[in-house]
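Dear colleague,

I am handing over the structure below, together with a description of what was found in it. Please keep it open beside this message while you read, so that each residue can be looked up as it is mentioned.

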Amino acid sequence: MTEPSSGPPLLAADPGRAERRLHPWSWLFVLVQQLKQFVVPLVALLVLGRGDRYMLYPLIGVGVLALISVWQYFTYRYRIADDSLVVRSGVFERSLRQIPFARIHNVALHQSLLHRLFGVAEVRLESAGGQKPEAQMRVLQLADALALERLIRHRGVVVADAQAAQANPEDAAETLLSLPTAEVVRLGLVSNRGMVVVAGAFALSWQVFPDDVVEDGFRRIGRDVFGYASQYAGELQLGWAATGVAALAVVLLAVVVLRAFSVAIALVQFHGFTLQAHGRRLTVERGLLTRLRTSASRRRIQAWTLEEGLLHRLLRRRGLHVDIAVSEQQNERRALRELAPIATPGACDALVQRLLPRGAAWPPPAWRSLHPHAWLRLWLPGLLLSGLATAGLTWRFGALGLLALAWIPWAAFAARQHARRAGYARDAHLVAVREGWWSRHWRFAEIDKLQALQFRQSPLDRRMGMASVWLDTAGAGSMGPPLRVRLLPEAQARELYDSLSRIVAARPLRW
């Protein structure tokens, strides 16, 4: 999906304001998208059916879906106006939608293998509001899709010819990050995507097959694998340690298989990852089989997150993600999220400094620590959990349950390490938080992007003279770390909350 160097002819707001149709094969891709929802029931019916005439009824549904797909193609029109895109659809229930270019926060171009075979792409235009994209075009010729993306990048200003387009600094592409295959393999090694695949396979198995069949199958596989490992360990004449060696071998095999899955998924999703800057807009292109190209303005970035797990530190790598306020379906996360899925710490810091507005500095010159007794506040939940677990295990297994008390010193050590590393920084432009010990993250945002602030104190916090400040920004994911300054001395937390509140109230929100 790489943009040609000569550049396709830009779509222009022609004098006649002519309306355009989608690609002639658009109905086929709409049909395929709709059939995906029914493919599992149809296959189950064909496999488990008894061959009677009632099996033909699903074919009627397929025919209806085909008619709907063709109908959508003939009733969908779009037109390029001076500063907006006008979309018209429907016959009985007509819809006319005008989308200003300035309102479009993200442009996503999606190409599956079928798209690439036909030389087309699906285009999604997304804004910060609503649960659906502003417009979703299935499908456009690839050259038209790239031209529409460029037109939105220029907010409707049409460049006269290809030479002028290349000379225009807004159109010149600057590669900020490109991941070779070795880096993508490292990304697979540090991620847990393989666990997601295995968990999904387990869930699907329990939904499709009877419970007793699934349980017997997993039990048989586990018995065979452990049996082979035990037999091999026995041949080595390890004696009583054979069982332990077999169990360790099974665990290591599971880890290797999961990491292999993770590497394969990373190669499929992030092969050819390239981050480019086109003036004020950022564009990411990635994918081995399915190519995804997303584009968003730099000023749409609401918050930043640097992540570093244990394997990241062993490989001297980090990940850089951003929050962009766009509408997204939970199963179609196509917005620009990963600026650097994996890179060296120096490369991540340089990329952040390159993209932040003028005057903002990263990393901060100094970090402020938490309350001196913050480690004790972090340790108390682990202490309570360990006590409850010890009581339950002792009641069930007797004195053996007292082994759960071993968690108490470990929880205290982890709490001290977390409190020692945690902190926050704040200047005239940014507010930043760092947390974590085993798995670390840095999260920060421009003060002008803050939407709401909360001063929070639990009864235990009040007892210990602590408080926290929670900061809300648009586009934050539910699975990501929150932007919060935890367990500060109460007076310091109130001063931070009051000063940020005055700034946020006085400045306009910048999207």
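**What was found**

Among contacts in the chain between residues at least 6 apart in sequence, 61% join residues at least 24 apart. Please bear in mind throughout that this is a predicted model. The chain has 511 residues, of which 42% count as buried, and it contains 16 helices and 19 strands. The chain exposes about 27600 Å², and carbon and sulfur atoms supply 61% of that area.

**The nonpolar cores**

The largest nonpolar core has 36 residues, and the members that touch the most other members are Leu275, Leu282, Trp304, Leu320 and Leu339. If its neighbours within four places in sequence are left aside, leucine 275 is in contact with Glu174, Thr175, Leu176, Leu177, Leu282, Thr283, Val284, Leu339 and Leu351.

Strand 1 and strand 2 (residues 84–89) are paired in the antiparallel sense over four bridges, and tyrosine 78 has valine 87 in strand 2 as its bridge partner.

Another open sheet of three strands has the order 17-18-19, again with antiparallel pairing. Here the edge strands are strand 17 (452–456) and strand 19 (483–489), each pairing on one side only, and the twist from one strand to the next averages 15°. Strand 18 (residues 466–472) and strand 19 run antiparallel and are joined by five bridges; tryptophan 470 has arginine 484 in strand 19 as its bridge partner. Helix 13 (residues 374–397) lies across strand 18 and strand 19, and it runs at about 115° to strand 19.

**Threonine 473 and its surroundings**

Which residues is threonine 473 in contact with, leaving aside its neighbours within four places in sequence? They are Gln302, Ala303, Arg443, Ala445, Lys449, Leu450, Gln451 and Leu483. Threonine 473 has its place in the loop between strand 18 and strand 19, and it counts as buried because its relative accessibility is 11%, while the cut-off for buried is under 20%.

**The buried side of helix 12**

In helix 12 (residues 345–355), the buried residues are Cys348, Asp349, Leu351, Val352 and Leu355. These residues are on the same side of helix 12 because they cover an arc of only 160° around the axis. Leu351 is also one of the residues in contact with leucine 275.

**Backbone details to look up**

There are also some places where the backbone deserves a careful look. A cis peptide bond, with omega about 0°, joins arginine 138 and valine 139, and valine 139 is found in strand 6 (residues 135–141). A cis peptide bond also joins tryptophan 362 and proline 363, where omega is again about 0°; proline 363 lies in the loop between helix 12 and helix 13.

Arginine 316 is not a glycine, and yet it has a positive phi of about 55°. Is arginine 316 buried or exposed? Arginine 316 counts as exposed because its relative accessibility is 67%, where exposed means over 50%. Arginine 316 has its place in the loop between helix 11 (310–315) and strand 12 (318–324).

Leucine 487, although not a glycine, likewise has a positive phi of about 55°. Leucine 487 has its place in strand 19, and with a relative accessible area of 2% it is buried.

With best wishes

Conventions: Residues are numbered from 1 along each chain as its sequence is written. This is a predicted model: local features need pLDDT of at least 70, side-chain atom pairs count only at pLDDT 80 or more; totals for chains, interfaces and linings use all residues. Side-chain values use heavy atoms; hydrogens and water are left out. A nonpolar core is a set of buried Ala, Val, Leu, Ile, Met, Phe, Trp, Tyr and Cys residues joined through side-chain atoms within 4.5 Å. Buried means under 20% relative accessible area, exposed over 50%, partly exposed in between (1.4 Å probe, protein chains only). Contact means heavy atoms within 4.5 Å. Two strands pair if DSSP finds at least two bridges between them. Helices (H or I, at least four residues) and strands (E, at least two) are DSSP runs, numbered from the N terminus. Accessible areas come from the Shrake-Rupley method with a 1.4 Å probe; for residues, only the protein chains shown count as cover. Axes are lines fitted to C-alpha atoms, for helices over the stretch in contact, and angles run from 0 to 180 degrees between N-to-C directions. The arc is that of the directions from the helix axis to the C-beta atoms.
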